[in-house]
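Hi,

Here is the structure I promised to pass on. Have a look first, and my notes follow below.

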Amino acid sequence: MTLAEPMLDLQAPTSDEIMTICAAREMPNGTVCFVGIGLPSIAANLARRMHAPDAVLIYESGTIGAKPTRPPLSIGDGELADTADCVVSVPEIFSYWLQAGRVDVGFLGAAQIDKYGNLNTTVVGEYDHPKVRLPGAGGAPEIAASAKETYIMLRHNKRAFVESVDFITSVGNFHGNDSRNDLGLRGNGPQVVITDIGIMRPDSVTGELILTAIHPGRTVQEAIDATGWSLRVAPEVQETAAPTTEEISQLRKFVGRDSA
Amino acid sequence: MAELTTLADAVAANIHSGDTVALEGFTHLIPFAAGHEIIRQRFRDLTLVRMTPDVIYDQLIGAGTAKKLIFSWGGNPGVGSLHRFRDSVENAYPHALEIEEHSHAGMAARYVAGASGLPFGVLRGYVGTNLPDHTSTIMPIECPFTGETLTAVPALTPDVGIIHAQQADEAGNVGLWGIQGVQKEVVLSSRRSIVTVEEIVPSLSSKATVVIPSWVINAIAVVPRGAHPSYAHGYYARDNDFYQDWEAISRDIEVFNSWIETNIHGTETYADYLQLLADQVKVAIST
């Protein structure tokens, strides 16, 4: 509708939009990024539309260099293939491209995360008698193992941020300190966790996630309250820069909200 | 040499209750019509294999065809849960479902091993995760050259592999393009294979990036829109509404059972099913 553009600036960004914009900012231009579906895919595409036009987005469906104009509903939408530099088989994407170390960043979501950035997308509760059976591993375990770095984004609440995950689907900093290195994984593991309240980064020695920034209008206490373990807070917590009009506008254009 | 036949005959001739059956198609070219025919012919005790069990496997599981599922990601892409799958795993309802759970990389390695005539595939994977605690088909293996510890997963060799593709030529060679998934691997790793295609053409499109020769395929059936509600690149788009509507059908066992009775058992062929679906949409729009 013609009224959409002028109204755009009046609508304050939602907490999901702030999270997505902050996640997008993390991705340097030129990054080769293996993208999970959902919010990580939206964030990676926002980065590509903003400051990272040379980013290479890889989806596990085998599309390398995909440039979707709309958020794909599934990991294998036709537009990903149409806009990709090349389309390869699933065995090839996981062996030649991911396992061989050609991916800079794995961009993942999860149902649960613990203080070392281990991710659960398998079950809530016991494996044999689950309270909630989640979809399972998909590509995530090997993305978390083999991408040079992992970015994680998920909404911040106590159901998601737990002392220890019910099931390690994808390894973060494992049990902390050198335990990830001892497993022999080639990638460096989680570098940043972006939530709708703030940003966490792992302690360089222990690997434990530390709150390093909060988003405009949110408080450190909110982050502590929404975390299921005793959250460590950096000595100086930054406030993330407020989303710019351009970021909000590009994000809404991509997800198709600008015509709402 | 592939036999050109009907889908009903292809399924009846190649599948038996108790078989291990893999229907592949990585979000694209998902062989829905073939899955429906398996339900229609009331097979039981199947071990179903699929990297991404989605709506078609929810239908197969809910309809009671499966005793076991070998998989790496089970959900309704972009929508949420598969309620028939979840009910089977969480509540053994209406019956229990044994699961053998892997990652995509592991499943891909298993298909490649199967297609290659090797007993196992090898990868850097699963290390540190809880998957090996619950899945016996994930084992460490030492590289005889470097001493490095890697992960071995056994070959997948289904009794029957089933895919959908855009085209076959008159000699039965199959051509497909767009997202390729493990379409070639599942045909080559399976003892028997069925391919449904959109159409038979005099010669395959130059767009076909994957060509599977006729002589490794057992049966080909022409089933237009046979991948609906998934899509066939260059033929029709994904029916996202169907995936969204599936949430409500799948959530309630009675609604689900009634859907299966009306739409699958109440139709004789996939073409009848598609016609019924189109009529239902028309009624929904006009009321």
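Let me start with a loop: B:Arg225 sits in the one between β13 and α8 of chain B (helices, H or I with at least four residues, and strands, E with at least two, are DSSP runs numbered from the N terminus). Its phi is near 60 degrees, a positive value in a residue other than glycine. B:Arg225 counts as buried, with 20 C-beta neighbours inside 10 Å. My cut-offs there: buried is 20 or more other C-beta atoms within 10 Å of the residue's own, exposed is 12 or fewer, and partly exposed is in between, with C-beta atoms placed from the backbone.

Before going further, some housekeeping. This is a predicted model, where local features need pLDDT of at least 70 and side-chain atom pairs count only at pLDDT 80 or more, while totals for chains, interfaces and linings use all residues. Residues are numbered from 1 along each chain as its sequence is written, and chains are lettered from A and ligands numbered from 1 in the order in which they are written.

B:Pro229 is in the loop between β13 (219-222) and α8 (240-251), and the peptide bond joining B:His228 to B:Pro229 is cis, with omega about 10 degrees. Another cis bond runs from B:Tyr93 to B:Pro94, with omega near -5 degrees. B:Asp45 is not a glycine either, yet has a positive phi of about 60 degrees; this residue is partly exposed, with 13 other C-beta atoms within 10 Å.

Strands β1 (residues 32-35) and β2 (residues 56-59) of chain A run parallel, joined by three bridges. A:Phe34 also stands opposite A:Gly106 in β5(A).

Finally, the interface: 41 residues of chain B are in contact with 38 residues of chain A (contact is C-beta atoms, placed from the backbone, within 7 Å). On the chain B side, α5(B) gives the most, with five residues.

Cheers

Technical notes
Two residues are in contact if their C-beta atoms, placed from the backbone, lie within 7 Å. Two strands pair if DSSP finds at least two bridges between them.
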